[in-house]
Amino acid sequence: MNLIKIKEPMSSKNDAKICLGIDFGTTNSVCSIKVKDKFQFILDDNGKTLIPTLILYNEKTKKFGNQIIKNESYFNSIFSVKRNFTKDFDKKIYEDQNGTKISSMEVSKDFFIYLKNLCEKNLNQNVFDCVITVPAYFDEKARSGIMRAAFMAGLRVRRLINEPTAAAFAYGLEKKKKGIFFVYDLGGGTFDVSLLKLSDGIFKVIATSGDPNLGGDDFDILYAKWLVKKYFKIDFDSLNKKEKLKLVKKSKLLKEKLFETQTFNEKLKVNECVKEIEINIKDFNKAINNLIDSTIKISLELLNEVDVEINKIEGFVLVGGSSRIKCISEKIKENFETTIFDDVNPDLVVSKGAALHGYELLNGSDNVLLDVTPLSLGIETMGGLMEKIISRNTPIPAIKEQTFTTHENGQTAIKFLILQGERETSSNNRKLGEFILSNIQPKPAGIPRITVMFSLDADGILFVTAKDEETGIQNKLSVKTNDDLDLNDMRKIVESSIENAKDDIHQRMVIEAKVKAKSFLNEIESVKKDIELLCSKNDIKVINEKVAMLKESIKTDDCDIINQRVDDLNKSTESFAQKRIEKDFSVRVQYQMSFGLSSRLLSYYSFERKQMPSEIHVQKQQQQ
Amino acid sequence: MSVNSICWNCGNDIPPNLFLCQKCNKIQPPKQVDEFKLMGISETFDLDLDELEKAYLKLQQLFHPDKYSQLSDQEIKYSTLLSSMINEAYQKLNSSISRATILLKLNGFNPHSEDKSFNDPGVLEEIMDIQNEFLEAESSEQKKLSIQKLNLKISETMENLSISFKNKEYAIANKLNVKLSYLEKIRIDFKKQL
């Protein structure tokens, strides 16, 4: 094909744009940046590149990273907040300096603000753009959670890239490597493996796998358990929470000391009982052996899955702080006939990859990173099974469509439950969200054509659309947290506030106010029909006025006015909210009366494979 | 199908298999084009997979969204769509089975309409024999031996498939392709059980 080379979008190198590379780790975080062809790591006030991912809210102040570590208050600080992203990062489980309940996402937001400020201090200029790395095996929700936290911190996330991919990018560029490489990335909380093919300027991920909840933290716990059992004859689980925490943190310090010394003596205190014990690497290896074996198993399975012979692979690249544990390379040598490359700094290489990629995104380059999605995506089918639409290790971006039809005569609505994971049953996979496509023209079963489109962008963020081919009615869903705001909407808010805000703090206030206002407007939009049904003409008029006023104020950057109008709208919808609760109740009762108490789970079939029903559960809507 | 489109930016004529305007260099919206044309490679079953990969990487170097992150929303959208199309076309052409399916369709043969191989007793028996041999194998050595046999059968089928495409015998090619997809399924099953 006669293709013309794309012009480099950026002109001269003098005004090269800057983009921060952030490796937001479970245990440590690292930031780096390329400015005018020179790459540098960001140093904190103590001159350290490795910034512990610790946050301490105490007596009206916030402290971060190395500001905390030597202090006694270390034990009260929030650690391993990243681990919560694979669970409920929206849950308000922490308290900030003022005693307000906050979520893991908000804690991370504060940490991102700290990192951003550090960079600005280092460079003596504003920094808005960044590339953030995430574990390759992170699911949709975890990815969007990290992105939201960074957006709320006033950072414009240019790309999310997978940690092992970032590592391979930096490694390949620096060492000018070619061939197939296996990246073994064992961090503080996550384990990833990726198989990549490196050729001239091209970094192509062949396949990836891992465990989002396996890392150095788990070794600390296992080793603490082992020590208490062996020397104190106590079951670790019988200890109180504070004692456990102290031991795990102590165990972590011992582990780090073992990176340098094979054996040493140490006093250990459990429940006021102090013993001097010998700490040695053999015992430690024994304690964590099972987990190391599972990393080997995951590696073997990945190689088996992709049909790549071990002799076709140049070698293993070890990444992540926990890959320093010596028995890991021994175990790899035992199981694979391969070379081990440990000529990179396993703590820093990921951030470097992100910074280099960020620079290229903003300033143009011939290099290209091609990644895959780590987990399959699909929808729930009848009997609680998952029907895959995009399967794991599909290159991204990816767009896939599947056509479905109704199962019952006259069916007017279909409920879609979006899932991610590899298990057959949907309850074992992660639920990403659900939506209902309603107003389908009532037709005999099997006639309507409903096209479901899964679109996975280059950040690995999923957007789902379902469309009734006849009426053209469609419904969109992007993976959301409770605030109900699309990531693309959020990105736009961040972008506009970067252009207009007076300073950093003002910028974040604008973002916060606008995100809140937009989510509220979305919420109102989604219940518009109910408002028209339940409210008096006068109430409807007032609500519409307040909506219009709020919409108007979002165009400005005056957060006081935005917040004021959110309150106004909130007040004007109070009586509606009450009526809606009552109505919901009556609908439920009617529903049960007309259909009986058994839940009505209807099914629909995949259009293309009628002989093999892929049933899905569908909710028949009440006719109003 | 081979009609020119018009550049959304400058109004210049765009040939059907191009996605960049030759005049203003802007990325164009995706259009209906078959996988071979999209990749810019010749329409044959006997693909050089290295060539395919080269063509694929070259296209991604041009159209991956990373190259457009600074440009307008519209261009970002086009690049995401195009890059997805390129990804899918590459995956499809990279597998012999879906490549054969594409070729059959391009030659006006609807692969699904003549799914007769289900009833082909010869093929069915052949497949059953392989499966039984694997299941009855006692040692892992024996199992590996039966996988080797299966692999031999796969390459044999591939060769026949290639010949039937060369002779433009599409009904035969379709049957062979169905057989190939069964053999491939068994191979993946066997691998899991090793």
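**Entry 1: ground rules**

Helices (H or I, at least four residues) and strands (E, at least two) are DSSP runs, numbered from the N terminus. The model is predicted, with local features needing pLDDT of at least 70 and side-chain atom pairs counting only at pLDDT 80 or more, while totals for chains, interfaces and linings use all residues. Residues are numbered from 1 along each chain as its sequence is written, chains are lettered from A in the order in which they are written, and side-chain values use heavy atoms, with hydrogens and water left out.

I looked up phi and omega next. Most residues other than glycine have a negative phi, and most peptide bonds are trans. Asn271(A) has a positive phi of about 45°, yet it is not a glycine. Is Asn271(A) buried or exposed, or in between? Its relative accessible area is 43%, so I noted it as partly exposed. (Buried means under 20% relative accessible area, exposed over 50%, partly exposed in between, with a 1.4 Å probe and protein chains only.)

Asn393(A) also shows a positive phi, about 65°, and is not a glycine. I found Asn393(A) in the loop between β21 and β22 of chain A. Asn393(A) has 12% relative accessibility, so it counts as buried. Pro397(A) is in the loop between β21 and β22 (398-405) of chain A. The peptide bond from Ile396(A) to Pro397(A) is cis, with omega near 0°.

**Entry 2: Met386(A)**

I stayed with β21. Met386(A) lies in this strand, residues 385-390 of chain A. Its relative accessibility is 13%, so Met386(A) is buried. What does Met386(A) touch, not counting residues up to four places away in sequence? Its contacts include Leu377(A), Ile379(A), Leu419(A), Arg423(A) and Asn429(A). (Contact means heavy atoms within 4.5 Å.) I also checked Ser427(A), 41 residues from Met386(A) along the chain: their C-alpha atoms are separated by 9.0 Å.

**Entry 3: strand β2 of chain A**

I counted buried residues in β2 (residues 28-35) of chain A. Seven of its eight residues are buried, so I call the strand mostly covered. Then I listed its partners. (Two strands pair if DSSP finds at least two bridges between them.)

- β1 (residues 20-23) of chain A pairs with β2(A) in the antiparallel sense over four bridges. Ile22(A) has Cys31(A) as its bridge partner in β2(A). The two strands form a hairpin with four residues between them.
- β3 (residues 38-41) of chain A is joined to β2(A) by four bridges, and the two run antiparallel. Lys34(A) stands opposite Phe39(A) in β3(A). This hairpin has two residues between its strands, and Lys36(A) in the turn has a positive phi of about 45°.
- β4 (residues 51-52) of chain A is joined to β2(A) by two bridges, again antiparallel. Ser29(A) stands opposite Ile51(A) in β4(A).

**Entry 4: the six-stranded sheet**

In what order do the strands of the open sheet of six come? I read β18-β17-β12-β13-β14-β19 (chain A), with mixed pairing. β18 (340-341) and β19 (368-370) of chain A stand at the edges with a single partner strand each, so one side of each has no neighbour in the sheet. β13 (residues 191-199) and β14 (residues 202-211) of chain A run antiparallel, joined by nine bridges. Val193(A) stands opposite Ser209(A) in β14(A).

**Entry 5: rings**

I counted 22 aromatic pairs over all chains. (Rings of Phe, Tyr and Trp, its six-membered ring, pair if their centres lie within 6.5 Å; planes under 30 degrees apart count as stacked, over 60 as edge-to-face and the rest as tilted.) The ring centres of Phe64(A) and Tyr114(A) are 4.8 Å apart with planes at 15°, so this pair is stacked. Phe64(A) is in β6 (residues 61-64) and Tyr114(A) in helix α1 (residues 104-123) of chain A, so the pair ties together parts 50 residues apart in sequence. Both Phe64(A) and Tyr114(A) are buried.

Phe182(A) and Phe316(A) have ring centres 4.3 Å apart and planes at 25°, so they are stacked too. Phe182(A) lies in β12 and Phe316(A) in β17 of chain A, so this pair ties together parts 134 residues apart in sequence. Phe182(A) and Phe316(A) are both buried.
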